[in-house]
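Reader: Can we go through this one together? I'll ask as I look.
Author: Fine, go ahead.

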Amino acid sequence: MRTIADAVTTWPEYATAVAVRLDTHDQISVCAPHGLDDLLDGVWRRNPTRVSPEISQQRLARHRPAQRWPAVRVVT
């Protein structure tokens, strides 16, 4: 991987595939290769580039997003 965007693109869920930094001009820079919709809409969706359906089910069982955040919508 060469860039932050390359790395962020492969994070396990689209809602977490976001990086934020303060640039040299004190401006906020957002890197969200898959967009911000899932994050802002409370959607837990696997990144098929990184996570198989089986691994996604394991992550869902471990993280329990629907129990932790009742408004979260899990998309499998």
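Reader: Which backbone oxygen does the side chain of Thr10 reach?
Author: The backbone oxygen of Ala7, at 2.8 Å. This is a predicted model, where local features need pLDDT of at least 70 and side-chain atom pairs count only at pLDDT 80 or more, while totals for chains, interfaces and linings use all residues. Residues are numbered from 1 along each chain as its sequence is written, and side-chain values use heavy atoms, with hydrogens and water left out.

Reader: Where is Thr10 placed?
Author: Thr10 sits in the loop between helix H1 (4-8) and strand S1 (19-22). Helices (H or I, at least four residues) and strands (E, at least two) are DSSP runs, numbered from the N terminus.

Reader: Thr10, buried or exposed?
Author: Buried, because its relative accessible area is 19%. Buried means under 20% relative accessible area, exposed over 50%, and partly exposed in between, with a 1.4 Å probe and protein chains only.

Reader: And overall, what is the order of elements along the sequence?
Author: The pattern is α-β-β-α-β-α-α-β, with 4 helices and 4 strands. Of the 76 residues, 26% count as buried. The C-alpha trace spans about 40 × 30 × 20 Å along its principal axes.

Reader: Switching to Leu60. Which residues does Leu60 touch?
Author: Leaving out residues up to four places away in sequence, Leu60 touches Trp44, Pro65, Val74 and Thr76. A contact means heavy atoms within 4.5 Å. Leu60 belongs to helix H3 (residues 53-63) and counts as buried at 13% relative accessibility.

Reader: How far is the C-alpha of Leu60 from that of Leu39?
Author: They are separated by 16 Å, and the two residues are 21 apart along the chain.

Reader: Now the largest pocket. What volume does it have?
Author: About 170 Å³. On a 1 Å grid over the protein atoms alone, a pocket is an open set of points where a 1.4 Å probe fits, with protein on both sides within 12 Å along at least five of seven lines; lining residues have an atom within 4 Å of a point. Grid points are joined across faces, edges and corners, and the volume is the space filled by probe spheres set on the points.

Reader: Which elements give two or more residues to its lining?
Author: Helix H2 (37-41) and strand S3 (43-45). The lining includes Asp38, Leu39, Val43 and Trp44, and also Pro65 and Trp69.

Definitions and conventions. A polar contact is a pair of N or O atoms within 3.5 Å; within protein, one must be able to donate a hydrogen and the other to accept it, and residues adjacent in sequence count only if both atoms are side-chain atoms.
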